[in-house]
Amino acid sequence: MIYDVIQHIIQSFPYAVTEIALVIAFLVLMLIDMIQLKDKALWSVVLTVAVAFYGAGEELQQLFDRTSFQEVVYFQHLFHRTPFTLFVRVLILLLGALSAVYLYLSPMGVYWKNRGETYLLLLAIIAGGLISISSYHAMPLLLGIELMSIASYILVAARITAASGEAAIKYLLYGAFTTAITLFALSLLYPTAGIHIFHPDWATQFLESSFPFKWLVLTLFFSGLLFKISLFPFHPWTPDVYQGSDWSIIQIIALLPKMAVFPILLQWAALFGAIDVFVGGLSLLVLATIIVGNTAALHQSNVKRWVAWSGVAQTGFMACTLVMTGDQAQLSLLFYLIVYLFSLPAALMILDYFESKYQAKEVDNFNGLGKKEPIGSVIFVLSMANLIGLPPTAGFYSKVYIMTTLWSSYLEQDEILYLILLLTAVAATLVSLYYYLKIPYALFFKASEKKTILTSISGSTVLFVILISILPLGIFFQPEWLSNWLRVIVAFI
Amino acid sequence: MNPLQHTDPMLLPAHFLHSVALTIFFLPVLTFVILFFTGKHISTSWRSWLATSVVGLMFILSLYVHLSVDVPIIARWSWFSMGTLHMTSGMVLSSFTTSMLVVVTAIALMVHLYSMEYMKDRRNHSKFFPYLALFISAMIGIILSDSLFNIFIFWELVGLASYLLIGFWYQKKEAAAAAKKAFLYNKAADTAFVIALGLIFTYYGTTELTLLRTLISSSSILVPTGIAISIAVLLVLSTFGKSAQFPFYVWLPDAMEGPTPVSALLHAATMVAAGILVLIKCDFLLVEQMRWVLVWTGAITALLAAIQAIRCYDSKKILAFSTVSQIGYMMMAIGTGNTSAAYFHLGTHAFFKAGLFLSVGAVIHTMHHIQQNSFKNKIYLEVDTLDIRLMGGFRKTMPIAFYAYVACYAALIGIPFFTGFLSKETILASLLQNPTYSIPFGMALTTVGITAYYMTRQLYWMFLGDFRLAALYPSCKEEQRKIKENHWLINIPLIVLACTTLSFFVSFHPFHASDIHWMKAPLPIVGGSTSIYLPIASISITLIGVLLAWSMASKEQLYNWKQYWFWTFVQQNYGIEKAVQFVFIIPSFLIARGLTYLDKIIDMWVNAQAYLAVLLAHIVYAIDRFLIEGVLKGIVFLIRIVGSSFRSLIQGQVQSYISTTLIVLALMFWWYLRQLH
């Protein structure tokens, strides 16, 4: 008996080879941090990127293996592996590598890139994402989420200034609050249907359960996840935490959790998408997120708060797909996620650069800088177009996919909620036009306050930004390239 | 019949000789590219030697191709496809096209050698050889192409190159005007080519000449007679432009503003020859009615141009008129159906006309030097160096130029044992064979006499007697003593070209053109003189002309002679330009003016509408301002209130975060309860 268990555990290790590699990298990084190395930052980032690429390679190898078509449950029913989880793990690792490169190149991030714990915590967040997307059971899911959260709290706090301390403590308190709710909900869920939440039988058990408040319990259980993606009503921390953090940290806490948590929610949406109560409840939250995010972003003058609120608005758009079923909805979510998360660093990097060079923290500080920084400003306009969803960027297709899916869902199921969501999304896109173009307008159409000589963005920054911008531009001209690929993946959800 | 059909021509593989011919075509293109873009970065002598050696290579290759070709070989390859339309381009190598290739490259080589010295210190030198290369390659394109469409492209390129070269010294007002005039007259005629091309493509479905020839000879496609006539008329009209026929020929005398080597090339081998060449190639498209027109136009042109040369004092313009007149002979030959005679005359004319231009150019070069040298001595001679009234006496000082001139002169006026005699006889004979052409024949014979007259006059004034410039300006006496033969680069082409005017150069029989040895026409030459009286008549008319000129020339009043209205009329190109002014330009301006008035009326109407629109706009603005904008502002106000309420709810306090979340969760709880019941 014991022997079998041990055998099973040993057989499970090959599936966790990426996590093991991350742990080893974690230890090596700790050593590097302890000994005074000359190019510590470079060594750390190279190691982080290397381990991320190694992991991504491993996952891809498994993904392209024929045997991966079958679901594998390992580590005593705690984790599972499907082509979908493999694909998302690859994306998380790639995004982690991108974050590491960002950390190294960030103009404002001199403080961060020379501190070893930044990379340690980044690795922890990546590991948390991997654990949570692979989990088969509620406990590892919770652990993974907590790993991400706690690492994020420390990252926000690590600057040790009054602002960062305040942001971190708010973040921690609110995060603890949501975790508490999640744990409480888990205790209620346990007698209802058990907590092997991704087990095929779990959904049937849950639906057959006679517990009257089971849907509310599920919502409460989600609160920990919704907190990570800052969906209404778990969004209020976002602007304050962003405002208290540096851009290097914002890009980590804004991108990586979304990459991990949205696919998890997508798996549930695939299970419950046809249930009225689930769709109804979630739709209300999504609707509120879109409205709150867009209206609040309208009047932000602080750039970081504006980024935070626009992030909430984008979450609302992405979450629209969670209330629908079908491959098309899942495809649009993955498409949106990939385009959004892999192109947002470009915009953040430019804002980062402007802050380091011109102390541009408020929208007014950008006045007239377009003529001084032509390359950066033009690329910034491009990434704003991507966020709004204007051609010639892939963001256009992201929005088109979501809106057409909403419309076809409305036509198929005749559910008025979809129409309301669609109309709200269209209106919100129009509103977003205003706040996304606020900084480009200031860049190009307002007169400069200060006189500075014409300079141009530094080489490595511009290279990073341009390389990232290739993705949305390229996908705009060939969206089938990505969507055909995703169509294969979503078949395995 | 169904127009807009498309015949897919069969593709034919290329022979080795085709690649050699393509090399000949692309060598000047390469020269053009290299020289045009290196420009002034390489020295004048390098530039000249490069261009000249390339032409020399072309000449050798052309000789090789000509000697290798036996039966006509055609290559045809796909050019481009648009839908179901497949355009091909073809190259035909026959002894006819390759002999023309030899003529063109030989003359080009002579002109290049000559230009090396002649153009050495002239302004804008860096552009001269590239333009010349462009000119030659375009002409070679016309010679070799089998597709009328391709021919049209090269035809236009020839026009462009001639424009650039005629206006080569564009700083001179006359040169710029002459280039513009040549270009416009040519374009007017080229319009006809475009229409003809469209008609041919529509009704025959192809522009490949070989294919067209078989289609027409086998009568497999029946085209309405009107269309066939239109095609012939348009083709002939377009060649009238390029080959300078009445009434389009007025551009050619003005084109003498270009450098003399350019004139030699333009008159001998490239520009004016292009029209004749295309007519020879498209001979099968000419309908009977058109042949009649050709003979008459040719005769009229020959006579009119010859008359104009009689009272001309510009040494180059005399030659220009003689070219127009000789091309008239070629037109007549084509009209009688004897295209071989036309081609034969084209070939012989090319050599002796190039020789004439270059020898006259040698004299002009000397005159130019005299002017320049006296300018260096601070004496500015405001004289026209081309004016024959100021020349004279060059026989002794420049014997090579003189004897070269005399040889070419003899060929032009048709002295036996010279090439011109042979080719002119052939044309006159073929005119004589058709009794309906007795009047054109008479005009042609008259022209022979007039040609002899004006050429002898030019010979007399240019080379014999005293140097009249020195008589007018005593300061030039010093310079007169210094006159000597030109550089060997100028003299070698003169000697070579003088040799080519001897009749054995083309035919071993001195009186009959039946055994031409290398200048192969598309068909064997028919005719020659059928009766012994024709050569006797033409020779005696020539002699009368020469004698008359000799006796008149010494008596001719050079200045202040009485101007009869007839000569004024002749000197104004028989009023052709005035007719163009009256028939085309003034009516166009009248129409334009009328349209301007119409436009003003329309403007008033439009303005009235605009005022109305503005009035309406004010009303709409009022509505917009107070009604719609009010609503919009209301919405914005609402959104602002909503947004700020959200923001103020959670203004940075973690307690408020949690309370917000809890309130929402409570609301959801309430919502679930409602769902349950």
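Left-handed or right-handed: which is the crossing of α15(A) and α17(A)?

Guide: The model is a predicted one, and the description that follows is computed from its atoms. The crossing of α15(A) and α17(A) is left-handed. Helix α15 of chain A spans residues 327-358, and helix α17 of chain A spans residues 394-413. Their axes come within 9 Å and cross at roughly 155 degrees. An angle over 145 degrees counts as roughly antiparallel, and α15(A) and α17(A) are therefore roughly antiparallel to each other.

On the α15(A) side, the contact is made by Gln328(A), Ala329(A), Ser332(A), Phe335(A), Tyr336(A), Val339(A) and Tyr340(A). From α17(A) come Ala394(A), Gly395(A), Tyr397(A), Ser398(A), Tyr401(A), Ile402(A) and Thr405(A).

The peptide bond joining Pro391(A) and Pro392(A) is cis, with omega about 0 degrees. A cis bond also runs from Phe232(A) to Pro233(A), where omega is near 0 degrees; Pro233(A) lies in the loop between α10 and α11 of chain A. Most residues other than glycine have a negative phi, and most peptide bonds are trans. Phe75(A) has a positive phi of about 55 degrees, although it is not a glycine. This residue sits in the loop between β1 (72-74) and β2 (79-81) of chain A. With 19 other C-beta atoms within 10 Å, Phe75(A) is partly exposed, because a buried residue needs 20 or more.

Chain A also meets chain B, in a contact that takes 21 residues from chain A and 20 residues from chain B. On the chain A side, α8 (162-193), α10 (214-229), α11 (237-243) and α13 (276-298) each supply at least two residues. Helix α13(A) gives the largest share of that side, six residues. The chain A side divides into 15 nonpolar, four polar and two charged residues.

Chain B itself has 25 helices and two strands, and buried residues make up 48% of its 677 residues. The largest nonpolar core holds 205 residues, of which Val104(B), Ile107(B), Phe135(B), Met139(B), Ile142(B), Ala354(B) and Cys408(B) touch the most other members. Helix α14 of chain B, residues 339-376, gives the most to this core, with 18 residues. Leaving aside residues up to four places away in sequence, Ile107(B) touches Leu265(B), Ala268(B), Ala269(B), Ala350(B) and Ala354(B). A second, separate core of 179 residues includes Leu98(A), Phe206(A), Ala260(A) and Ala347(A). In chain B, among contacts between residues at least 6 apart in sequence, 82% join residues at least 24 apart.

Chain B has a residue with positive phi as well: Phe417(B), where phi is near 75 degrees in a residue other than glycine. Phe417(B) belongs to the loop between α16 (399-413) and α17 (419-433) of chain B. With 14 other C-beta atoms within 10 Å, Phe417(B) is partly exposed.

Key
Residues numbered from 1 in each chain as written. Chains lettered and ligands numbered in written order. Predicted model: local features only at pLDDT ≥ 70, side-chain atom pairs only at ≥ 80, totals over all residues. Axes fitted to C-alpha atoms, helices over the stretch in contact; angles between N-to-C directions. Helix = DSSP H or I, 4+ residues; strand = E, 2+ residues; numbered from the N terminus. Parallel < 35°, antiparallel > 145°, perpendicular 65-115°, else oblique. Left-handed = near helix turned anticlockwise from the far one by under 90°. Contact = placed C-beta atoms within 7 Å. Nonpolar A, V, L, I, M, F, W, Y, C, P; charged D, E, K, R; others polar. Core = buried A, V, L, I, M, F, W, Y, C linked by C-beta atoms within 7 Å. Buried ≥ 20, exposed ≤ 12 C-beta atoms within 10 Å, placed from the backbone.
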